[in-house]
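Subject: Structure handover

Hello,

Please find the structure below. My notes on it follow.

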Amino acid sequence: MSMRLDKFLADCGIGSRKDIKKIIKSGAVRVNNSNASSPDIHIDENKDEVFVNGRKTEYEKYIYLMMNKPKGYISATEDKYKKTVLLLLDEKYKHFDLFPAGRLDIDTEGFLLLTNDGNFAHNILSPKKHINKTYFATIEGKILDEHIKLFEDGIIIDDGYKTLGAHLEILKSDNESYAEILLTICEGKFHQVKRMFEAIGAKVTYLKRTKMGNLELDESLEYGQVKKLTKEEILKITGE
Ligand code: URA
């Protein structure tokens with residue numbers, strides 16, 4: 001397949017299209033044995049070797065980012081009225097056509113996966129896959145040990161659906177009106193965590209996703225920041 005040199009270098013993470021134009025103009029880019037003088041020459045990403053300042057570049061078609069999603073942004077690529085998580089991305093990621101693989105509510109924080117790999121997203125979101133997702137929540141209401149068994153057995157939410165078994169860990173509870181919990185679910189119904197607590201007469205007052213599969217949110221990420229996931233980290237999500 002053939003593609004423009006500037007697109008290829010952007011996909012390699014060399015910089016924005018504007019930076020790349022400058023780098024090419026400066027004479028720092030070589031394709032095989034010849035200097036590349038223009039951003040619009042075409043190369044074959046499978047055959048040609050491209051060097052920037054003598055160093056060989058590796059082509060990346062697909063990327064996978066972990067975002068620490070802040071409140072106030074929706075997990076979508078476009079919206080007329082609300083800010084989307086894509087607005088938080090650095091310029092260098094803009095041309096990748098990223099989208100969120102999964103959804104967090106506008107007021108939910110934490111681990112959001114962004115990718116441009118449709119097959120991968122489809123795979124991890126498939127209800128058959130049962131990828132675990134862990135959430136930390138603060139709860140207004142009475143949370144007791146007996147709820148652990150209730151959640152483990154599955155709980156009937158407002159539309160009559162019985163959830164699959166979920167693992168509830170009570171981190172803190174005053175047994176009356178306030179609790180902090182971790183809940184691990186293996187499906188992704190709309191507002192699922194909030195609805196599960198509503199079903200037991202409680203209310204989620206803060207929600208943050210802390211883990212997908214076996215991959216924990218990197219707590220050193222500031223809100224809105226992303227980090228590129230390695231192959232090993234991606235496999236931790238899918239459990240393969
Ligand atoms: N469950 C919810 O209720 N909201 C989220 O954002 C994610 C899971």
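An oxygen atom of the ligand is placed 3.1 Å from a polar backbone atom of Lys194, a polar contact being a pair of N or O atoms within 3.5 Å (within protein, one must be able to donate a hydrogen and the other to accept it, and residues adjacent in sequence count only if both atoms are side-chain atoms). The protein covers 96% of the 240 Å² of accessible area that the ligand has on its own, by the Shrake-Rupley method with a 1.4 Å probe.

This is a predicted model, in which local features need pLDDT of at least 70 and side-chain atom pairs count only at pLDDT 80 or more, while totals for chains, interfaces and linings use all residues. Residues are numbered from 1 along each chain as its sequence is written, and side-chain values use heavy atoms, with hydrogens and water left out.

A nitrogen atom of the ligand lies 3.1 Å from a polar backbone atom of Val193, and an oxygen atom of the ligand lies 3.2 Å from one of His191. The shell around the ligand consists of Leu104, Asp105, Thr108, Tyr135, His191, Gln192, Val193, Lys194 and Leu207, where a residue is near if one of its heavy atoms lies within 4 Å. H5 gives the largest share of this shell, three residues; helices (H or I, at least four residues) and strands (E, at least two) are DSSP runs numbered from the N terminus. The shell has four nonpolar, three polar and two charged residues. Ala, Val, Leu, Ile, Met, Phe, Trp, Tyr, Cys and Pro count as nonpolar, Asp, Glu, Lys and Arg as charged, and the others, Gly among them, as polar.

Where does the ligand sit? The ligand is in the largest pocket, meaning that more than half of its atoms lie within 2 Å of the grid points. On a 1 Å grid over the protein atoms alone, a pocket is an open set of points with protein on both sides within 12 Å along at least five of seven lines; a cavity is a set where a 1.4 Å probe fits but cannot get out, and lining residues have an atom within 4 Å of a point.

The largest pocket holds about 730 Å³ of space, a volume being the space filled by probe spheres set on grid points, which are joined across faces, edges and corners. Its lining has 33 residues, with Gly102, Arg103, Gly188, Lys189 and Phe190 nearest the centre. Helix H3 (118-125), strand S10 (133-140), helix H5 (192-198) and strand S13 (203-212) each give two or more residues to that lining.

The second largest pocket holds about 200 Å³. Its lining includes Met1, Lys7, Tyr59 and Asn116.

The structure also holds one cavity of 30 Å³ or more. The largest cavity has a volume of about 40 Å³ and is lined by Ile124, Leu125, Ile131, Lys133, Met212 and Ile237.

Regards
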